[in-house]
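Take a look at the structure below.

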Amino acid sequence: MPKESLYNKKNKEQLLIDLKKEEFKRITLSFYKYTRLKNLKKIRDKLYLDFSLFKILGRIYIANEGINAQISLPDYNLKNFQNYLKSYSYFKDMKYKVAVEEGLSFLKLTIKIKNEIVAYKISANQYDMNKVGKHLNYKEFNKAIDEGAIIIDMRNYYEGEIGKFKNAIIPNIDRSQDLLPEIKKLLNNHKNDKILMYCTGGIRCEKASAYLIHQGFKDVNQLDGGIIKYANDIKTNNVKSQFIGKNFVFDQRMAEVVTDDILSTCHICNNQCDTHTNCANQDCHILFIQC
């Protein structure tokens with residue numbers, strides 16, 4: 001099989017031209033699953049070829065521990081794609097989160113083999129994926145908040161800058177590998193309290209909840225489907241959101257609006273602003289808020 005058929009070879013300008021020619025609508029969705037995978041190179045190449053046939057764009061990571069995917073695909077291919085994934089025994093019961101707001105999310109398809117699908121870089125003896133936190137739906141999560149549970153944001157600090165659950169603890173970290181030791185320290189006096197964890201789509205809470213349980217925390221809970229599913233559920237059911245502001249997403253859109261609250265200020269002039277800019281300096285690439 002020619003190697004060039006397994007990787008994107010077009011530049012950004014060519015990719016944008018292709019997208020402008022499309023005469024169909026796209027759906028942005030995400031999914032993940034912790035499951036044992038073998039023969040990663042074979043799986044990676046097969047997925048790349050098949051996803052290309054579905055006209056899928058996006059970013060997919062696979063590892064021996066599972067898959068983590070954020071993709072954009074034509075709306076007419078959604079059901080066929082979901083049926084296709086069911087043909088893999090290890091992906092058959094996949095749960096999908098559909099974007100709250102559509103837009104230009106991805107320009108190309110990238111599938112990479114990783115050591116972990118979330119780069120926490122902790123040893124296998126520090127967690128057990130068979131013992132994860134209880135998954136709460138939006139009603140249960142809201143009820144637990146009202147009852148005074150401890151809420152911890154399992155994302156990077158710059159994500160929590162523009163949107164969060166009210167009264168949530170926001171760890172001051174910007175790398176996944178620093179997160180678990182930090183939350184253990186922040187929650188050290190709450191081992192017997194009810195802990196609520198949330199993240200973008202749920203994946204970061206899976207291993208993090210297993211880690212906390214292994215560390216002796218007694219009542220660990222996570223928002224099922226993350227902020228993405230929560231935002232869709234509250235809109236569908238006309239329920240007041242306890243998440244305020246924007247949900248940061250790792251694609252071209254940068255964020256989805258959940259409520260109209262603006263929590264942050266421009267890092268340059270201090271005016272109210274919740275728009276991230278990626279510094280174009282090749283030595284920087286720092287995300288900062290700029291009006």
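The paragraphs that follow cover a sheet, a helix and some salt bridges. This is a predicted model, in which local features need pLDDT of at least 70 and side-chain atom pairs count only at pLDDT 80 or more, while totals for chains, interfaces and linings use all residues. Residues are numbered from 1 along each chain as its sequence is written, and side-chain values use heavy atoms, leaving out hydrogens and water.

Strands pair if DSSP finds at least two bridges between them. Four bridges join β7 to β9 (residues 194–198). One partner in β9 is tyrosine 198, which bridges to aspartate 153.

Now find helix α7, residues 203–214 (helices are DSSP runs of H or I, at least four residues). Of its 12 residues, 10 are buried, so α7 is largely enclosed by the rest of the structure. Buried means under 20% relative accessible area, exposed over 50%, and partly exposed in between (1.4 Å probe, protein chains only). Among the buried ones are Ile203, Cys205 and Leu212. Glycine 216 follows α7, with a positive phi near 100 degrees.

Last, the salt bridges: a side-chain nitrogen of Lys or Arg within 4 Å of a carboxyl oxygen of Asp or Glu. The whole structure has 16. Lys41, Arg44 and Asp45 form a network. Arginine 44 is buried, at 3%. Glutamate 147 bridges to lysine 143 at 2.6 Å. Glutamate 147 is exposed, at 54%.

Definitions and conventions. Helix = DSSP H or I, 4+ residues; strand = E, 2+ residues; numbered from the N terminus. Expected span 1.5 Å × (residues − 1).
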